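I opened a new notebook page for this one and went through it element by element. Here is what I looked up, in the order I looked.

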Amino acid sequence: MNLFSWQRLLLTALLAAMPLANATAEAARPRVGLILGGGGARGAAHIGVLEVLERLRVPVDCVAGTSMGALVAGVYASGMTPARMREELARADWDDLFQDAPFFSRRSFRNKLQDKRYLPASETGVGPDGVKYQTGIVTGQKIKLFFNELVGDHLGQRKIEHLALPLSIIATDIVHGTRVVFRSGNLSSAMRASMSVPGLMSPVDIDGQKLVDGGLVDNVPIDEARSRCQADIVIAVNVGSPLLKADEIGSLLSVSAQMVNILTEQNVVRSLATLKPTDIYIKPDLEGITAGDFKRTSETADRGVQAAEALAQRLRPLAVSEAAYAAWTERIQVARAAPPPVQEVRIAEMKRVNPAVVEKHIEIKPGDHVSPSEINENLMRIYGEGYYEGVDYAVDTLRERDILRVTPMEKSWGPDYLRFGVNLDSNFKSDSSYTLRMAYQKTWLNPLGGEFVAFGEIGSNHGIGMDYYQPVDERQRYFLETNLRYGSQISSVYQDDQKLAQYRTIKGAAKLGGGINLGSFGQLRAGWEENWWNPEVDVGSPFLPDESKRFGGWFVQADIDQTNRLYFPTSGWFSYTKYFDAAAEGYSKLNANVGAYGSFGEWVLSSRASYQASPIGRLPIYDAGSLGGMFNMTAFGVGQLQGDDLVYGTLRAERIIGRLPLGLRGDMRAGIMVEAAKVGTPYTETNLRNWINSTALYIGGETPLGPIFLGYGYSTSGSTGGYSNLYLSIGVPATQ
């Protein structure tokens, strides 16, 4: 054999030995555990770390996560690439995710009525066991559905034990103060439990345990990664928030946040003490980024990239060949198949709610594929009924049949509630009022969903009343209703911008009718209405007739509200029309109101028009139309313009100048409004017979006590030199 043959034989042997050598080297590669710590929105830095590990071709053998780290770890283990994860978190509307309720337009009409009369956050459970409160500012309804979508639950329920990458998620048993580790079970539920910040988000009940944020007991779970896959080396990423400085602690919220930070920091110090010299510790520079800065996820991820790249020299020895990493990636990032058609839709058994009320909102039928957008829309409409603490779903396979399970969880503090409302109005003259309201509501009195509400109010206005609402079919499309109200109201009579008299008017009303619920669109109703009216002079000269009056008649009413928010809408429209026929009194009354909202960036434009008149006869003084007050001819006092044939229109432009913190929906606005009205037959301010103008400037916003407004209105109409009023309004509007 010549020299050339020997060289060729040697080269062939070397080439044949290279894959074996690489395989041997990769087989000897140390086992790597990845730890992703908690830190709220700061946890988006984990995505940047994953991107660097991917670029360096560093596989991991297991991953453990807490809180936001559990979210990133769970989504990563479910097969989503870091790049896609960055996109999904960036496009998420975090302000909306931290609001459980759907858009106002998607709520049931009954739910809308209660929210208009009382503060939604005031709902308090009451029963034989005493008073029960809501379990958190946020129950996590939208957050859970978002997690479902991220991990692909619509393709089939994702179980931790079935993932290709061993995963551990840390939570805290708030009852016993113990650490709970999920190595099996529903993936999205474990993620949701691990992120339940006490006070902000409701605890999650799993297997009899009440679970909250895992950061309270193990925010950087290093020991869990070592035991989960016997890791030789751990890569620990710490994104926790530093303790607040002395000048940053000045409120109950900041004190609570500091308490959580102290508990978290203590267990982090203990965990970091277990790191070995061979372990890799990554702490991104997140100065200026808070735990609530979810809108800055891309910027936060970039900080994670920078921190990981700074340690690239220590990470590279853990890298594998392109072929080996591709094989690992293919195993972890399993291609997501199309959702299977479901053969059956099942609704979980409930204690009180009739399943037909849930079923009417589910548009997915046997044979359909489950899409995240459609199932989320269906479940949010169910949640909008107001009976549930949460509504979830799962796609399970049972005996080769794919079943869509819908699981509504009735409110743990229901079904009977106390509700509260407060209102303060002042024009800084002689017209000021305050009202405190309370209601007792009993729901699901029978299988069809009967409801009873007793209420009262004290303050400038006094009153008591009750409503009984009874659906007559299981899907609650048709209903019967009776209402009783009795109380007194303060009202004033004006002429030439001078108050002639102030009355305390005794009013009563009884209604009996029925109607049709148009889903979340609105409601139609008709029936008989009987009214009592008795004015008594409080201050000034008598103007109204010194007699009481009883009058009644048939009514037809249509309510539609498709605005996206209860207060300060940014889109949608609404209308209200009522026709009352008091034939025995020789008149009828039409009250029509319509408005719309639209937004353009930080600007919100809106318009409204109303009409109050008597198609038959003439409106009597005891049932006259009226205008005046904030957003209703602002330059005039409440009820200053009274008469028949009232036409009103307004245009408003508002600039959003601030937003409430995460978990509290609402914004602060500065606005300008132009208004116009005409009173065809005036009973007060009789000199204003032509078109009347009003221009107003105001600031306002939504607060935990309801909306707040401070505005000034001015009118050049009339011969008195102009009308003007300065208004302050706080709380649930008295007109609701």
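This is a predicted model: local features need pLDDT of at least 70, side-chain atom pairs count only at pLDDT 80 or more; totals for chains, interfaces and linings use all residues.

**Entry 1: strands β12 and β13.** Before counting anything, I noted the rule that two strands pair if DSSP finds at least two bridges between them. I then looked up β12 and strand β13 (residues 401–410): 10 bridges join them, and they run antiparallel. For one pair I went to Y393, whose bridge partner in β13 is V406.

I widened the view to the sheet. It is open, has three strands in the order β11-β13-β12, and its pairing is mixed. At the edges I found β11 (344–347) and β12 (388–398), each of which pairs on one side only. Neighbouring strands here are turned by 20 degrees against each other on average, direction ignored. I also checked what lies across β12 and β13, and found helix α15 (residues 372–383), running at about 145 degrees to β12.

**Entry 2: strand β17 and its two partners.** I reminded myself that strands of a sheet pair through backbone hydrogen bonds, either parallel or antiparallel. How many residues of β17 are buried? I got seven of the 10 in the strand, which spans residues 462–471, so I wrote it down as mostly covered.

On one side I looked at strand β16 (residues 451–459), which is antiparallel to β17 and joined to it by seven bridges. Within that pairing, E457 has G463 of β17 as its bridge partner. The two strands form a hairpin, with two residues between them.

Then I turned to strand β18 (residues 478–495), which pairs with β17 in the antiparallel sense over 10 bridges. Here I picked I464 and found its bridge partner in β18 to be Y486. β17 and β18 also form a hairpin, this one with six residues between the strands. In its turn I flagged Q476, with a positive phi of about 60 degrees.

**Entry 3: helix α13.** Which residues of α13 are buried? In this helix (residues 322–332) I listed Y325, W328, T329 and I332. They cover an arc of only 100 degrees around the axis, and therefore sit on the same side of α13. On the face turned away from that buried side I found the exposed residues A323 and E330. I also asked what covers the buried residues, and the answer includes α2 (45–56) and α3 (68–77).

**Entry 4: α2 against α11.** From α2, the contact is made by A45, I47, G48, V49, E51, V52 and R55. From α11, T300, A301, G304, V305, A308 and E309 take part.

**Entry 5: α7 against α8.** I looked up helix α7 (residues 141–151) and helix α8 (residues 187–194) next. They pack at an angle of about 135 degrees, with their axes 9 Å apart. That makes α7 oblique to α8, and I noted a right-handed crossing. I143, K144, F147, N148 and V151 in α7 meet L187, S188, S189, M191 and R192 in α8.

Is α8 buried or exposed? I found eight of its eight residues buried, so the helix is largely enclosed by the rest of the structure. Among them are A190, A193 and S194.

Entry 6: Most residues other than glycine have a negative phi, and most peptide bonds are trans. With that in mind, I went looking for exceptions.

- A cis peptide bond joins G414 and P415, with omega about 5 degrees. P415 is placed in the loop between β13 and β14 (416–426).
- D207 is not a glycine, yet its phi is positive, near 55 degrees. I found D207 in the loop between β7 (204–206) and β8 (209–213). With a relative accessible area of 76%, D207 is exposed.
- D497 is not a glycine either, and has a positive phi of about 65 degrees. Its loop runs between β18 and β19 (498–517). D497 counts as partly exposed, at 23% relative accessibility.

Key:
Residues are numbered from 1 along each chain as its sequence is written. Side-chain values use heavy atoms; hydrogens and water are left out. Buried means under 20% relative accessible area, exposed over 50%, partly exposed in between (1.4 Å probe, protein chains only). Helices (H or I, at least four residues) and strands (E, at least two) are DSSP runs, numbered from the N terminus. The arc is that of the directions from the helix axis to the C-beta atoms. Contact means heavy atoms within 4.5 Å. Axes are lines fitted to C-alpha atoms, for helices over the stretch in contact, and angles run from 0 to 180 degrees between N-to-C directions. Angles under 35 degrees count as roughly parallel, over 145 as roughly antiparallel, 65 to 115 as roughly perpendicular and the rest as oblique. A crossing is left-handed if the near helix is turned anticlockwise from the far one by less than a right angle, and right-handed if clockwise.
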